[in-house]
Amino acid sequence: MAMRQTPLTCSGHTRPVVDLAFSGITPYGYFLISACKGAGQHLPALSGQRYGKPMLRQGDTGDWIGTFLGHKGAVWGATLNKDASKAATAAADFTAKVWDAVSGDELMTLAHKHIVKTVDFTQDSNYLLTGGQDKLLRIYDLNKPEAEPKEISGHTSGIKKALWCSEDKQILSADDKTVRLWDHATMTEVKSLNFNMSVSSMEYIPEGEILVITYGRSIAFHSAVSLDPIKSFEAPATINSASLHPEKEFLVAGGEDFKLYKYDYNSGEELESYKGHFGPIHCVRFSPDGELYASGSEDGTLRLWQTVVGKTYGLWKCVLPEEDSAELAKPKLGFPETTEEELEEMTSENSDCIYSSTPDVKA
């Protein structure tokens with residue numbers, strides 16, 4: 001019989017988690033950043049509440065490292081560069097911010113004219129791409145913070161996602177119902193895709209130049225170079241986000257029915273589905289090694305899920321039952337002096353300190 005999926009629950013955010021991103025694999029492991037909404041017009045901030053504050057975690061365990069303080073509204077987008085030395089965030093306070101991800105210090109604030117929804121570093125971390133409600137793509141030279149950004153216009157509604165692709169030679173961006181491909185050198189549009197419903201997410205896979213787009217119940221795969229279609233799957237519910245495994249074996253998706261779905265990428269067969277969150281799922285991403293995937297939800301939590309259930313990895317430890325026990329073998333989280341009941345509600349607890357860069361993470 002199959003082992004039961006036992007996710008790690010990472011608490012700390014008090015509002016819906018709307019974006020997350022992993023770093024690349026570094027000498028210290030890999031890291032995870034998450035962004036959440038603000039308190040909102042009818043939800044005033046409480047004393048000490050971490051509304052709208054992006055958080056940094058150890059990627060394979062979910063252990064909290066620090067919280068970036070500085071935004072004054074909902075944080076809609078967050079990302080890390082490859083070596084996890086820098087973070088960038090996009091917020092409803094009309095700014096994007098760049099942070100030192102080791103110390104937690106704010107390095108620069110990039111003022112915009114409207115809400116910023118998305119940020120992305122080039123591979124060398126020298127440039128930052130932003131997009132938001134003012135329908136403009138902006139490219140900032142991070143070595144010249146006083147310089148005006150380059151601007152690309154053409155979108156007809158607010159930009160939801162913008163990503164560098166093709167070794168930073170091209171840009172992918174999505175607004176409400178359109179995905180556009182741009183040439184970086186000429187700052188001109190190469191091609192666009194139009195959809196009959198709102199685009200909910202977009203993921204770029206450099207290995208193979210694959211673009212993953214979700215809209216309605218559809219999970220569509222396109223060439224990131226030409227935007228030509230590759231294949232598409234239909235899910236049983238409205239999907240808000242999907243992610244392709246680094247080895248392109250599986251894909252996971254989540255949406256409005258609180259469930260996570262895992263599919264075989266080649267055949268489209270649904271391999272499993274399970275409910276863990278207590279609200280719609282807004283974002284899901286595979287880790288850079290493909291061993292786990294993270295999901296963020298309306299319920300204010302991040303959850304980490306094993307790609308291969310039962311494998312000893314991170315905080316999961318597979319404990320086989322005694323021969324005479326009728327209990328199923330299932331993954332258990334390897335914490336000392338922690339009961340099984342506590343593990344069922346396992347959270348990566350967060351202290352009240354602002355930012356703590358631990359010695360075992362970064363020297």
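Which strands each supply at least two residues of the lining of the largest pocket?

1. They are strand 2 (17-22), strand 6 (75-80), strand 10 (116-121), strand 14 (161-165), strand 18 (199-205), strand 22 (239-244) and strand 26. Strands here are DSSP runs (E, at least two residues), numbered from the N terminus, as are helices (H or I, at least four).

2. Before going further, a word on the ground rules. This is a predicted model, in which local features need pLDDT of at least 70 and side-chain atom pairs count only at pLDDT 80 or more, while totals for chains, interfaces and linings use all residues. Residues are numbered from 1 along each chain as its sequence is written, and side-chain values use heavy atoms, with hydrogens and water left out.

3. Back to the largest pocket, which holds about 1100 Å³ of space. A pocket is an open set of points on a 1 Å grid over the protein atoms alone, where a 1.4 Å probe fits, with protein on both sides within 12 Å along at least five of seven lines; its lining residues have an atom within 4 Å of a point. The volume is the space filled by probe spheres set on the points, which are joined across faces, edges and corners. Of the 39 lining residues, F22, S23, K82, Y204 and P206 lie nearest the centre. By type, the lining has 19 nonpolar, 9 polar and 11 charged residues. Nonpolar covers Ala, Val, Leu, Ile, Met, Phe, Trp, Tyr, Cys and Pro, charged covers Asp, Glu, Lys and Arg, and the others, Gly among them, are polar.

4. The second largest pocket has a volume of about 560 Å³. Its lining counts 24 residues, with V18, K160, S200, N240 and H282 nearest the centre. Two or more residues of this lining come from each of strand 2, strand 18, strand 22 and strand 26. Strand 18 gives the most, with 4 residues. The lining splits into 9 nonpolar, 8 polar and 7 charged residues.

5. Strand 22 deserves a look of its own. Buried means under 20% relative accessible area, exposed means over 50%, and partly exposed is in between (1.4 Å probe, protein chains only). Strand 22 pairs with strand 23 (residues 250-255) in the antiparallel sense over 5 bridges; pairing requires at least two DSSP bridges between the strands. Within this pair, S241 stands opposite G254 in strand 23. The hairpin has 5 residues between the strands, and K248 takes a positive phi near 60° there.

6. Now the charged pairs. The model has 10 salt bridges, each being a side-chain nitrogen of Lys or Arg within 4 Å of a carboxyl oxygen of Asp or Glu. In one of them, E106 and K97 have their closest N and O atoms 3.3 Å apart. E106 is partly exposed at 36% relative accessible area, whereas K97 is buried at 6%.

7. D134 and R138 also form a salt bridge, with 2.6 Å between the closest N and O atoms. D134 is partly exposed at 21%, while R138 is buried at 3%. Together with E151, D134 and R138 are linked in a network of salt bridges.

8. Finally, K311 forms a salt bridge with E291, at 2.8 Å between the closest N and O atoms. K311 lies in the loop between strand 28 (302-306) and strand 29 (316-319), and E291 in the loop between strand 26 (281-286) and strand 27 (292-297), so the pair ties together parts that are 20 residues apart in sequence. K311 is partly exposed, at 37% relative accessibility.
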